[in-house]
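Welcome! Let us take a short walk through this structure, starting with one residue and then stepping back to the whole chain.

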Amino acid sequence: MDSTIADKLDTLAQTLSRVAQNLRVGTTSLRTDTTQRMKLVQTGEDLINTVSQPEDKVHLYLPQLCHLTALRLFLKWGAFDKIPQGMRPNGQPLTISYFELAGKLGADVSLITRLGKVLVANGTLEQHVDVAERVAHTPFSHLLTTPQQKATMELLFEDHLPALMALPPYFDHFGRIEPKDRLQTPVAFAAGKLGSTAWDIIHSDDRRRKTFMLAMSTGLEWAVAQSTYDFSWLVKEIAKHPEDRVLFVDVGGGRGQVLKKLFQAHPALPRHQCALEDLPDIIDQAKRDEPELADVQMVGMDFHKEQPIKGALVYYIRRCLHDYSDEACVGILQQIANAMVSDSKLLISETVINNPPTAYQGAMDLMMLLLSGKERTLDTFKEMVERAGLMVTQACVAYEGSGIIECVLA
């Protein structure tokens, strides 16, 4: 037993040593190399699993739960925004005392101190001691002051967490079966709105809708997926097609974050031959808030219904299918397939999970269950597209699963 653990530790140590050497000579950057960074994170998780005993894992849940609780309270009270940002002339970070922070929040000093120390103990804040105990930002807490990340955390705590906590009574009510009905999801159950889709619930409240859209605007997955799929062929195709043909349709594309990334990477792509599709209220918001997409065709639609743009060269759908059951996804794909012509391509940008999945992939699959959706393996994607009259021509998948699946008419 001990020798087996020793062998695993040797392997992990070799991995860490190799990465450390690459960092020293500059051949690896953890900031820009997402794949290498995710491999290293997995190595850390493997190390914890290797050295911890079964009873250790039970005890590890407690600090994780308390850390999340302290995070939630500091976010809700705007505490991270009250901590000064920047550096002193001596190179030390600007700090604030617990007494000063409590005053800015109208809170009890002892309470803020205790919550702050939970965040310090878990590496979210950094503690300094001079005349009084003081705290400073870490890169992580600084990130939590940005609008996008605050929206992401609000979505996690205010929407996802209550739905996760409602799963036991949900399955008591409906039985131990996989949620597949968009009108009977755990999200709707937790909100007391059975009979409404998750999107109906989100769009019924303007603040909730804006929070959701801001949280979903992250470009990480797109950046990773783009690095594994070569879009340059699309630019080379421009001259081969008439100017009235749509070259790229972003189906369910929100406020157009993918199109903006695409135009940055390939400025020769004519914007008037690209289209952004989503629900009418989202398109209306994009028209108001995204002036750089003014030349793009903007189309309000529902991808469960007929695809309004016929014969486009590329239909692109990103992080939409994982929100739905297999049956619903086949229906969405069929609507796109019906609009495609012989040279059209469908690009599905989703997480392609391993079997067994990584811890993060498994967590995301459980999150999708809240919407009656799921994360899928490549084999499952192939089965779905075949049922929709399509076939997979290539799958470009990064290490942690983000990727693009290219399909054509079967």
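A polar contact is a pair of N or O atoms within 3.5 Å; within protein, one must be able to donate a hydrogen and the other to accept it, and residues adjacent in sequence count only if both atoms are side-chain atoms. The side chain of His 241 makes such a contact with the side chain of Glu 237, at 3.0 Å. This is a predicted model, where local features need pLDDT of at least 70, side-chain atom pairs count only at pLDDT 80 or more, and totals for chains, interfaces and linings use all residues. Residues are numbered from 1 along each chain as its sequence is written, and side-chain values use heavy atoms, leaving out hydrogens and water.

His 241 sits in the loop between helix 14 (232-236) and strand 4 (248-251). Helices (H or I, at least four residues) and strands (E, at least two) are DSSP runs, numbered from the N terminus. With a relative accessible area of 14%, His 241 is buried (under 20% relative accessible area, 1.4 Å probe, protein chains only). Leaving aside residues up to four places away in sequence, His 241 touches Leu 247, Leu 313 and Asp 343 (contact means heavy atoms within 4.5 Å).

Now for the whole chain:

| Feature of the chain | Value |
|---|---|
| Helices | 19 helices |
| Strands | 10 strands |
| Residues that count as buried | 43% of 410 residues |
| Span of the C-alpha trace along its principal axes | about 70 × 55 × 55 Å |

Among contacts between residues at least 6 apart in sequence, 64% join residues at least 24 apart.

Terms used. Buried means under 20% relative accessible area, exposed over 50%, partly exposed in between (1.4 Å probe, protein chains only).
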